[in-house]
Amino acid sequence: MNRHEILKKLMELDFVAVELQLYLNTHPDCREALEKFNFVVAQAQMLRQEYERKYGPLTSFRSPSVYPWQWINNPWPWDYSFNFRTTES
Amino acid sequence: MWVYEKKLQYPVKIKKPNPKLAKYIITQYGGPDGELAASLRYLSQRFSMVTPQARATLNDIGISFSKLLTIK
């Protein structure tokens with residue numbers, strides 16, 4: 001997978017994790033949601049590590065960095081090249 | 001309180017830049033009815049919620065409003 005492909009997959013997983021997390025706030029006893037949540041979080045964690053290993057840190061103080069300090073590197077999420085389209089057009 | 005991640009929650013790829021619309025959208029951030037004020041209001045209200053469910057949910061709503069600002 002290239003950068004945009006990994007990023008898209010990671011964004012999808014995190015999106016699902018957030019939705020399930022919000023649901024679990026008001027349904028803390030729902031086993032089904034909790035199992036899905038734990039599965040998605042584990043998947044996202046693996047993909048996050050792969051992304052960071054290949055393309056640099058996603059957070060400024062919870063990701064290791066090779067020399068020199070990588071956090072300040074482009075692209076940033078507001079750069080056009082950072083993002084991708086959801087559908088081909 | 002927050003951890004910034006160098007990625008977006010949902011992809012943004014502008015097909016047709018529209019400075020006029022952008023100028024209007026940016027006015028919705030500030031002021032008494034803006035996104036920023038709403039975010040801070042939710043984050044204040046969470047302190048006085050009675051149930052754990054409501055406390056956690058208002059915390060999340062406050063955070064999600066502040067995220068709308070970073071999508072821009």
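Modeller: In chain A, 42% of the contacts with a separation of 6 or more are between residues 24 or more positions apart. Two residues are in contact if their C-beta atoms, placed from the backbone, lie within 7 Å. The model is predicted, so local features need pLDDT of at least 70 and side-chain atom pairs count only at pLDDT 80 or more, while totals for chains, interfaces and linings use all residues. Residues are numbered from 1 along each chain as its sequence is written, and chains are lettered from A and ligands numbered from 1 in the order in which they are written.

Chain A has 2 helices and 0 strands; helices (H or I, at least four residues) and strands (E, at least two) are DSSP runs, numbered from the N terminus. With a radius of gyration of 15 Å, well over the 12 Å that the globule rule gives for 89 residues, chain A is more spread out than a compact globule. That radius is taken over C-alpha atoms, and the rule is 2.2 Å times the number of residues to the power 0.38. Along the principal axes, the C-alpha atoms of chain A fill a box of roughly 45 × 35 × 20 Å. Of the 89 residues, 10% count as buried. A residue is buried if 20 or more other C-beta atoms lie within 10 Å of its own, exposed if 12 or fewer, and partly exposed in between, with C-beta atoms placed from the backbone.

Now the helix. Helix 1 of chain A covers residues 3–26, which is 24 residues, and reaches 35 Å from its first C-alpha to its last, close to the 34 Å expected at 1.5 Å a residue. The expected span is 1.5 Å times one less than the number of residues. The buried residues of this helix are A:Leu7, A:Leu10, A:Leu13, A:Asp14 and A:Leu20. An α-helix has 3.6 residues a turn, so residues three or four places apart point the same way. Part of what covers the buried residues of helix 1 is helix 2 of chain A. A:Leu13 gives an example: leaving out residues up to four places away in sequence, A:Leu13 touches A:Val40, A:Gln43, A:Ala44 and A:Leu47.

The largest nonpolar core has 6 residues: A:Leu7, A:Leu10, A:Leu13, A:Leu20, A:Val40 and A:Tyr51. Such a core is a set of buried Ala, Val, Leu, Ile, Met, Phe, Trp, Tyr and Cys residues joined through C-beta atoms within 7 Å. Helix 1 and helix 2 of chain A are the elements that give two or more residues to this core, and helix 1 has the largest share, 4 residues.

After helix 2 (31–55) of chain A comes the segment that holds A:Pro68. A cis peptide bond joins A:Tyr67 and A:Pro68, with omega about -5 degrees. Most peptide bonds are trans. A:Pro68 counts as exposed because it has 7 C-beta neighbours inside 10 Å.

B:Thr57, in helix 3 (residues 52–71) of chain B, is in contact with A:Asn25 and A:Thr26, leaving aside its neighbours within four places in sequence. B:Thr57 counts as partly exposed because it has 17 C-beta neighbours inside 10 Å.

Chain B has 3 helices and 0 strands. Its mean pLDDT is 90, and 97% of its residues reach 70 or more; pLDDT is the predictor's confidence in each residue, from 0 to 100. The model scores ipTM 0.87 and pTM 0.89.
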